[in-house]
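Please keep the sequence and the coordinates at hand while reading.

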Amino acid sequence: MCGPDWLEQGMNHVWLPYTQMRTTLPPLPAMGTRGCTITLADGRELVDGIASWWTACHGYNHPHIRAAVATQLERMPHVMFGGLVNEPALTLATRLASMLPGDLERVFFTDSGSVAVEVAMKMAIQYWLNRGRTGRTRLVAFRGGYHGDTMATMAVCDPEEGMHSLYQGALPEHFIADLPVDETSTQALDALLRQSGDSIAAIIVEPLVQGAGGMLFHAPEVLRRLRELADRHGVLLILDEIFTGFGRTGTLFACEQAGIVPDIITLSKALTGGTMALAATVARRHVFEAFLSDNPLHALMHGPTFMANALACASANASLDLFASEPRLEQVGRISEQMRAELESCRGLPHVVDVRVMGAIGVVELERIGDMNALKSALIAQGVWVRPFRNIVYLTPAFTITPAELTRLTTAIHTVLSQSAPDTAHRC
């Protein structure tokens, strides 16, 4: 590997995510970001098509977010949230409660999406324990779903998904069902809830898009069915909006398209505009009230060390400012139209199974990807940063991407897929 000294030395000690480090291409050294581009150590610039795992919704280095973080850094970068509070965190909680539908009004801050889901699971289970309903310790999750990589969240992901299947036997057992997309699957879920409802605390689902499961889309009607079934059988409904929240599907929150209010919602990813690590688990009033008691054991016993970090909360408040002052949802609509038009040309290519777009999510699904390293290299050679996984090549760009930058991304995908079969992708 050729590169700066820190790259040569550091690669002998770092452990990379989701990577078989013996066979995977070495990572590219990033030296700077601006707007929708990443600058590498050798001077190349790549148009980023995935916004750093779906987070940088305003593009990189937005001056308003940068200024807010700098101001907060001078004042107070962090203070513990146990026995103390800080203005950015309380302001952010108030703003989130005002933006979310219904009475989702109690915000518990964490550092990552996986932990936010863990907290939601704890809330749901303890909600019933605090009400004297023991035994309701299992959740219903769905095939194709993904909710995180921690031990508890792996247990509510698709059990056949490659990252988590190794841990079967070590994880708690929950119910994994098919999404209620038609009459048959709806009746099956209804029967499961009827037969096992006394052991079920909650249903958890990614609304509209199952992200890491393959960017699998479902209709708003599915969410309405889940809300109806949860109410019918007396279980809580958790919506994992870590990926879909903050405009990605075309509305500020995906649940708005179904007109429903979950009992608990999880947020992260674009919460800070991709600047700082922060997540939130937000509960409705009746969930929070189940934890109010003279019994100290009824409290929610969870508290990350950097919970409600002031720098991260300042960043999130600045990100919310941009949603209020700049036309983000209109930009998502424009991106959606452009991707729908420009990716459609991929539909007729060999080995392409489907092309689909929702909001600022564009997907080209292949029969398979045989040589992932070659496919990634070919895309980089086109001057774009796109990270295919499973059997899909997808785009989740920043909402501020220019039409020319987006065309560069869609053209690169079409060019590479036109030149390569899934098992024999051209090496660049």
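In this predicted model, strand 4 supplies the largest share of the lining of the second largest pocket, namely four residues. The volume of that pocket is about 360 Å³. Its lining comprises 20 residues, of which R106, V107, F108, F288 and L300 are the closest to the centre of the pocket. Two or more lining residues come from each of helix 4, strand 4 (104–110), strand 12 (279–284) and helix 10 (285–289). Sorted by class, the lining of this pocket contains 17 nonpolar, two polar and one charged residues.

Helix 4, one of the contributors to that lining, also takes part in a helix pair. Two packed helices are described by the angle between their axes and the distance between the axes. For helix 4 (residues 87–99) and helix 11 (residues 310–325), the angle is about 40 degrees and the axes lie 8 Å apart. The crossing of helix 4 past helix 11 is left-handed. On the side of helix 4, the contact involves P88, A89, T91, L92, R95, L96 and M99, while helix 11 contributes A310, C313, A314, A316, N317, L320 and D321. Ten of these contact residues are nonpolar, two are polar and two are charged.

Helix 11 has a further partner in helix 3 (residues 63–75), with an angle of about 150 degrees and axes 8 Å apart. Which orientation do helix 3 and helix 11 have to each other? Because angles over 145 degrees count as roughly antiparallel, helix 3 and helix 11 are roughly antiparallel to each other. Their crossing is right-handed. From helix 3, the residues H64, I65, A68, V69, Q72 and L73 meet A310, L311, A314, S315, A318, S319, D321 and L322 of helix 11. The residues of this contact divide into nine nonpolar, four polar and one charged.

Rolling a probe the size of a water molecule over the atoms shows where empty space is left. The structure holds two cavities of 30 Å³ or more, and the second largest cavity has a volume of about 40 Å³. Which residues line the second largest cavity? They are G35, C36, D48, A51, A56, G59, Y60 and A398. By class, five of these lining residues are nonpolar, two are polar and one is charged.

Definitions and conventions: Residues are numbered from 1 along each chain as its sequence is written. This is a predicted model: local features need pLDDT of at least 70, side-chain atom pairs count only at pLDDT 80 or more; totals for chains, interfaces and linings use all residues. Side-chain values use heavy atoms; hydrogens and water are left out. On a 1 Å grid over the protein atoms alone, a cavity is a set of points where a 1.4 Å probe fits but cannot get out, and a pocket is an open set with protein on both sides within 12 Å along at least five of seven lines; lining residues have an atom within 4 Å of a point. Grid points are joined across faces, edges and corners, and a volume is the space filled by probe spheres set on the points. Ala, Val, Leu, Ile, Met, Phe, Trp, Tyr, Cys and Pro count as nonpolar, Asp, Glu, Lys and Arg as charged, and the others, Gly among them, as polar. Axes are lines fitted to C-alpha atoms, for helices over the stretch in contact, and angles run from 0 to 180 degrees between N-to-C directions. A crossing is left-handed if the near helix is turned anticlockwise from the far one by less than a right angle, and right-handed if clockwise. Contact means heavy atoms within 4.5 Å. Angles under 35 degrees count as roughly parallel, over 145 as roughly antiparallel, 65 to 115 as roughly perpendicular and the rest as oblique.
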